[in-house]
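User: I would like the terms used for this model checked against their criteria. Please go through them one at a time.

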Amino acid sequence: MGDTVHRKGITLKEMCFRAVREHFSPQDSHSVLDLPRHLIQDLLPHLTVCQLYELQPALNQRGISTHPGWVVVLQDLRGHSFAMDVHTEEEARQEVMKLLFTLVFYGFRNHYVIKNSTNLKSQFFLRAAASCIRQFSLITGLQEPLQSLAAEQRPLLNLLEKRIQSVRISHGIDLLKRGTYAAVYVLHRLLDHGVATKLVVDVPCPIVLSWLLHGRGPQDVDLSLKKQMLSTKSSCDLSAIADGAICSPGLQTEASDDQENHVVPCKRSKVDSVSMEEQFLCGTFPQCDSPLGVCPWGQISGLEIEPCGSDSLRVLNSALPTFFCLRCLSLQSPSSFWESDVLDLAAALKQLSDSHRSSLTDLSIGVLPNAKLMEVLLDASPNVTSLQVEVQTLIWGPGFSPHHPQSATADMSELHLEKLKVKITALQTDLQFMTSVLRRCPHLTSLHIAGMRLPSGQSQKQLLTTLSESNHCLRILSLEDMKLSDCLSDIQNLLKDCKLEELRLKDCRLLENCSDKEERLQQLAAAVRSAASLHTLSLAQNRLAKDVCVLAELFSGSPESSVRRLDLSSNFIQPAELLEFATRLETRRPRHRLTLDLRRNPGDRDPDMWNAALTRLRPFCVLLVRGWKSTGTMVDHVSNM
């Protein structure tokens, strides 16, 4: 043992921690809880997920967070950089349990599951994870776990029914295949009996989409598309797919000369006397445990479709005018939508809006074929408060007409938009479309724009001026992949006119073609100090390099900056430059503990000096580091251009 300890560098304390992990039982929890606070905090990274889950309530009562323990598990599962982005105990626990539940439940294996198989195979882990997770992934290609969930693991399904808020369908459901009975039943329990109100569809099948939507929000779903897409040889009653829908737990068997075992969901009385497959084939569903004898319908308030093709979009458009319970809608396509498809979507959204019964507030669409369609969608649903779009090009296609019913008054009408996120993948952008939308959004609180490049000789000054004049409620501003090197005075004005709380300027070339970079950063630091409401500042990927030390002036003089989170990642800050920054910041420490993001900077160029700088910063900073390999010489070159 002595040789082993010496060879691996294991201390006596670590040996004790490992012993606690290996021999811990619920009866021993009081012994752990009686340990001194500092020993418990050192022990947390050595515990299993089940032990962390079991001890967390009592530790929280003592004022001890289990966050460090969950972070260690995340680091093992996802890597250090991802784990450091999870800031709260609850976020970390949910992320761990979400990842592990799917892996363990479906029998997937990775290095962490293999290493901890003894602790993760227990029913206690599945129940613990099920009590934490909020999303369930329905993988219909793996029937055995779903069959078990619908039969001998029914108590676990009962627990999921009470906890799952979102169901993700990541594989197709063949409604004409006998092997899908368990998947359909689990889906029915979670959506129609449980608290799940969000549906994520990752399969490009309009037939399944129509079946899923029917009875769960829209008052009518057009069946004509489904009739066209199924083979005429099939005798399956398509109306049963939608109209029957298994709200009441039953199945009906349809037979023909060609297909004898095709089954489609429909309403039936409940029978609970034979095996699930026998019930399925006989036309009944297993007992749903509903106290009313009739299954309740579950309403979908959140819908995400990816990928969303033209056929799926037509099914959705037929449902939208009466989809009154829908609050959040996300439609994503790997390639650009056709302009005609977007206009049809806008027409359906307008019908929903004109009904005055619409609940839709959040809309996400990608990829739009041109930016002006963004305003068409907003005019079709003026009560939307959050819009996220991706735009691929600004070129008008042949036959496109921007006319829509409100086009005469669209430029003057006020929008209720509060959050707007626009990603543009075009070589050049016409700024006018963005400023016209911003002027119509006086209630905007959050704005994120990425990739807006202007023709040569034009400036983003107009954008920043519009924000200062028209968007005084703005609290969060994120600009990415834009040239702002000539907009310092406009940024200063924006900080004066708006009570910004978060400002992110990522890859905005702030110091490009600047003769005095130090003076530029000093002026920016002075403007940030004067913004009392600003608590988050990101200058990631701006090639600050040796000039980073100037930012220590954020916390010198009067007034002192209120910034609590400073992102300096991907700025090619070398060890000597970080040490100079740390030395200056040490003499003018922030009044609040500062979260400092230093990831993707070349600290490995001189590890000793880098670590010396980190040692100086740690007493008053939470440091986010890692994520750089200096062997990537091209990355070095690009970052220092």
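User: What makes the space of about 70 Å³ a cavity and not a pocket?

Analyst: In this predicted model, the largest cavity holds about 70 Å³ of space. With a threshold of 30 Å³ or more, the count is two cavities.

User: Which residues line the largest cavity, and which helix supplies the largest share?

Analyst: The lining consists of L484, S485, C487, L488, I491, L505, L510, L511, R520, L521 and L524. Helix 25 gives the largest share, three residues. Helix 24 and helix 25 (517-530) each supply at least two.

User: How is the lining of the second largest pocket divided by class?

Analyst: That lining has four nonpolar, nine polar and nine charged residues. The pocket has a volume of about 440 Å³ and is lined by 22 residues, with R504, K506, S538, D567 and D597 nearest its centre. Strand 11 (446-450), strand 12 (476-480), strand 13 (502-506), strand 14 (536-538) and strand 15 (565-567) are the elements that give two or more residues to this lining.

User: Why is the pair of D481 and R453 called a salt bridge?

Analyst: The closest N and O atoms of D481 and R453 are 2.3 Å apart. The criterion is a side-chain nitrogen of Lys or Arg within 4 Å of a carboxyl oxygen of Asp or Glu, so the pair qualifies. Side chains of opposite charge can pair when their charged atoms come close. A search of the whole structure finds 22 salt bridges.

User: Where in the chain are the two partners, D481 and R453?

Analyst: D481 is in the loop between strand 12 and helix 24 (488-497), and R453 is in the loop between strand 11 and helix 23 (461-470). The pair is 28 residues apart and links distant parts of the chain.

User: Are helix 20 and helix 21 roughly parallel or roughly antiparallel, and why?

Analyst: Helix 20 (residues 339-354) and helix 21 (residues 372-380) pack at an angle of about 20 degrees, with their axes 8 Å apart. Angles under 35 degrees count as roughly parallel, and the two helices are therefore roughly parallel to each other.

User: Which residues make the contact of helix 20 with helix 21?

Analyst: E339, V342, L343, L345, A346, L349, K350 and S353 in helix 20 meet L373, V376, L377 and A380 in helix 21. By class, nine are nonpolar, one is polar and two are charged.

Technical notes. Residues numbered from 1 in each chain as written. Predicted model: local features only at pLDDT ≥ 70, side-chain atom pairs only at ≥ 80, totals over all residues. Heavy atoms only, no water. Axes fitted to C-alpha atoms, helices over the stretch in contact; angles between N-to-C directions. Helix = DSSP H or I, 4+ residues; strand = E, 2+ residues; numbered from the N terminus. Parallel < 35°, antiparallel > 145°, perpendicular 65-115°, else oblique. Contact = heavy atoms within 4.5 Å. Nonpolar A, V, L, I, M, F, W, Y, C, P; charged D, E, K, R; others polar. 1 Å grid on protein atoms, 1.4 Å probe; cavity = no way out; pocket = protein on both sides within 12 Å on 5 of 7 lines; lining within 4 Å. Points joined across faces, edges and corners; volume = space filled by probe spheres on them.
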